[in-house]
Amino acid sequence: MRYERLDWFHQEETMNLYENLAAQLKDAIREGVYPPGERVPSVRRLSERHRVSQATVVAAYRLLESHGWLEARPQSGFYARQPESAPAPARPGAAAEGPCQVNVTERTLRMLRNTQRKDLVSFGAAVPQPEFLPLADLRASLKRCLRAAEDLGSRYSFPPGEEALRVRIARRAEDSGCRFGPDEIVVTDGCQEALNLALRAVARTGDIVAIESPAFFGTLQAIESLGMQALEIPGDPDTGISLEALALALDRWPVKAVMVVSNYSNPTGGLMPDANKARLVRLLAARGVPLIEDDIYGDLCHGRDRPLAAKAYDRDGNVLLCSSFTKSIAPGYRIGWIVPGRWQQTVEHLKYMSTMGNATLTQLAVADYLADSRYERHLGRVRRVYADNLARIQAGIARYFPYGTRASRPGGGFVLWVELPEGIDTEDLYERALAAGVSFTPGRLFSAQARYGNCLRLAAALTWDGRAEAALAELGRLAGRH
């Protein structure tokens, strides 16, 4: 019995030791000694500093990890996070009132022009800054392609596009649970053209297209440009479009297509659970309604495992999968694609009549870049950066923005949705922020019915430094002075 008591005492002493160590490190994170995204000392270093065993340090780190204060990264160490400083989660989108015409293009183009201003700290454009793109590797690929065939610029690349690129895309699709061959892919001029081609293939002027709400303004622009009507279906910032509300809308309205961003939705960053993706595909297949899936952010997951696409559950060719490398490799290369399912022939014809084809050289350069492990290494780097930047923005929102502000909590991509207290007009805030040298995207641009007047989207694909921190603080100060 005496030995049992001694063992118990030693166990209690060890427990207090690692808990005390965890408490000290948590205080350091809270006080900004280790900002969100910063690597904390290694297990060995902290063990030596505090003169405790490495097992004690590991136990302290695991405790902090379980409470959300640390993030473990394989072969890299532990990184600080700030769960207690995160704003409250954003609330679901608005319920559908009925189909309507869309009119967002003029305001959107004005906003996009402002994002190109060099004097602004831009939280507005969902475009990675150059340091987050593999530009040197792409230049090397371009040179290799030119050395191999100097006459590449002398020929067209007709639909469906360069075979070498389509082979690489088909191989990578297995990571998202999809199995399709190179001949099922049509290369497009970015994801936006893929979305336009999909809409033109399945619907006509005046038709109703159901979208999640809030919705990517590029989706709204595509619907507007084709003279179609948008039907907004409420979406949850964490899990995406409400399947219950969608089913009710399908019963009530003659919906011709449904459009969703399945993985890390723009603007909320929401991720549809796999079970919801499977249910969505079954629901639409049973009704003969095509699903247009935008999976442009799927490769930018913050964890180890890339999420599945809804297309992975498609057995009838009813899902038109759209994506591109514009968010992960290079926006200027304009390499996107669509897997049109049973609309393959229609999409190829529409692509030819629209642009005849894509630039040959950039297709082959991206194919060369994807041929080895360079893309995977690049993804590993930028995924960590975007996760860290989003954590910093969330911490800044909690620190600088008005009481009652809410924000989404994305697990991938680099955008998040912010809901300010009622009474704050983010279009008015946008004008005042521009004058102060800061840009963002007002919430009304993400709704066909100009909802979300007190909301905004922030993009985190920018270099995080003192200027970015000061800009976020200024934006919060301006929001508090409405």
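1. Strand S11 (319-324) gives the most to the lining of the largest cavity, with 3 residues. Helix H6 (163-172) and S11 each supply at least two residues of that lining. A cavity here is a set of points, on a 1 Å grid over the protein atoms alone, where a 1.4 Å probe fits but cannot get out; lining residues have an atom within 4 Å of a point. Helices (H or I, at least four residues) and strands (E, at least two) are DSSP runs, numbered from the N terminus.

2. A note on the basis. This is a predicted model: local features need pLDDT of at least 70, side-chain atom pairs count only at pLDDT 80 or more, and totals for chains, interfaces and linings use all residues. Residues are numbered from 1 along each chain as its sequence is written, and side-chain values use heavy atoms, with hydrogens and water left out.

3. The whole structure holds 3 cavities of 30 Å³ or more. The largest cavity contains about 220 Å³ of space. Its lining counts 18 residues, and Asp295, Asp299, Arg306, Ser323 and Trp337 are the closest to its centre. Volume means the space filled by probe spheres set on the grid points, which are joined across faces, edges and corners.

4. The largest pocket has about 1200 Å³ of space. A pocket is an open set of points with protein on both sides within 12 Å along at least five of seven lines. The pocket is lined by 46 residues, with Thr115, Ala125, Ala126, Val127 and Pro128 nearest its centre. Elements giving two or more residues to this lining include helix H4 (105-115), helix H7 (190-202) and helix H15 (466-479).

5. Now the rings. Rings of Phe, Tyr and Trp (its six-membered ring) pair if their centres lie within 6.5 Å; planes under 30 degrees apart count as stacked, over 60 as edge-to-face and the rest as tilted. The count is 15 aromatic pairs. Phe158 and Tyr352 make a tilted pair, 6.0 Å centre to centre with 50° between the planes. Phe158 lies in the loop between helices H5 and H6 and Tyr352 in helix H11, so the pair ties together parts 194 residues apart in sequence. Phe158 is partly exposed at 41% relative accessible area, and Tyr352 is partly exposed at 39%. Buried means under 20%, exposed over 50%, partly exposed in between (1.4 Å probe, protein chains only).

6. Phe325 and Tyr375 have ring centres 5.8 Å apart and planes at 90°, so this pair is edge-to-face. Phe325 sits in the loop between S11 and strand S12, Tyr375 in helix H13, 50 residues apart. Phe325 is buried at 4%, as is Tyr375 at 2%. Elsewhere, ring pairs link Phe216, Phe217, Trp417, Phe446 and Tyr452 into a cluster.

7. Helix H10 (residues 274-287) has 14 residues and reaches 20 Å from first C-alpha to last, close to the expected 20 Å. That expected span is 1.5 Å times one less than the number of residues. Its buried residues are Asn276, Lys277, Ala278, Leu280, Val281 and Leu284. Their cover includes helix H9, strands S9 and S10, and S11. Gly288 follows H10 with a positive phi, near 70°.

8. Ala387 lies in helix H13 and is buried at 5% relative accessibility. Neighbours within four places aside, Ala387 is in contact with Arg81 and His302, where contact means heavy atoms within 4.5 Å.
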